[in-house]
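Got a new model to look at and wondering where its labels come from? Let's go through a few of them together.

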Amino acid sequence: MKRMMMAVLLFAIIATACEKIDDLLTFYINEEETFTIESGFPLGALIPATPFTVTTNSEETFKNNKTRAKLVKDVTLNRLELTIKKPEGQNFDFLKRIELYISSEDQPEVRIAYLDEVPTGSSVLKLKSTNAKLDEYIKSNNYTIRTQAEISKPITEDITIKADMRFKVTADPL
């Protein structure tokens, strides 16, 4: 019985230590960009918003977090929030659903976030992450974010949206 208790205690200590090491090797990269959904698209159509390219400065970001690109082992989208900036007072009622994709020069396009049912009356949306593995995109010099949305109500003027993205980065210790 004592051996079993000792084994359980030892396992708990090791698990806690590993969790603390992971916390030390995990950091976040925040990106803020804007894109536009143009007016005049027909209802029910899947419309592409203006894609935007993000310059990563990843080597500097990794250095500031005491790691290097070759030690980064896991990057996922931790949070993606969309906020309408213009026109003032606009909400997302014109959207039925929305998806965001990432691509880079050396990597294929993958879906990173979505919202299948946009709630009414909201000017801020929190999209669901697909938990896609994004290591190579964040390590590159830049990547492109493309938005695809299905319109449920007519858009009479261009809508500018701010995207707040947060990527969770975990690196190996050696």
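Q: What does "touches" mean here?
A: A contact means heavy atoms within 4.5 Å. By that cut-off, and leaving out residues up to four places away in sequence, Asp164 touches Glu31, Glu32, Arg79, Leu80 and Glu81. Keep in mind that this is a predicted model.

Q: Why is Asp164 called buried?
A: Buried means under 20% relative accessible area. Asp164 comes in at 14%, so it counts as buried. Asp164 sits in strand 10.

Q: What makes the pair Asp164 and Lys162 a polar contact?
A: The cut-off for a pair of N or O atoms is within 3.5 Å. The side chains of Asp164 and Lys162 make their polar contact at 3.5 Å.

Q: Why does Val169 count as buried?
A: Its relative accessibility is 0%, and the label needs under 20%, so Val169 is buried. Val169 belongs to strand 10, residues 159-171. Its contacts, again not counting residues up to four places away in sequence, include Leu25, Phe27, Phe62 and Val75. With Val75, 94 residues apart along the chain, the C-alpha atoms are separated by 4.6 Å.

Q: Why is strand 9 described as largely enclosed?
A: Seven of its 10 residues (142-151) are buried, so the rest of the structure largely encloses strand 9.

Q: How do you know that strand 5 and strand 9 pair?
A: Pairing takes at least two bridges. Strand 5 (residues 95-104) and strand 9 have eight, in the antiparallel sense, with Tyr101 opposite Arg146. Strand 3 (residues 52-55) also runs antiparallel to strand 9, joined by four bridges; there, Val54 has Tyr143 as its bridge partner.

Technical notes:
Residues numbered from 1 in each chain as written. Predicted model: local features only at pLDDT ≥ 70, side-chain atom pairs only at ≥ 80, totals over all residues. Heavy atoms only, no water. Helix = DSSP H or I, 4+ residues; strand = E, 2+ residues; numbered from the N terminus. Buried < 20%, exposed > 50% of the residue type's maximum accessible area, 1.4 Å probe, protein only. Polar contact = N/O pair within 3.5 Å; in protein donor to acceptor, adjacent residues only side chain to side chain.
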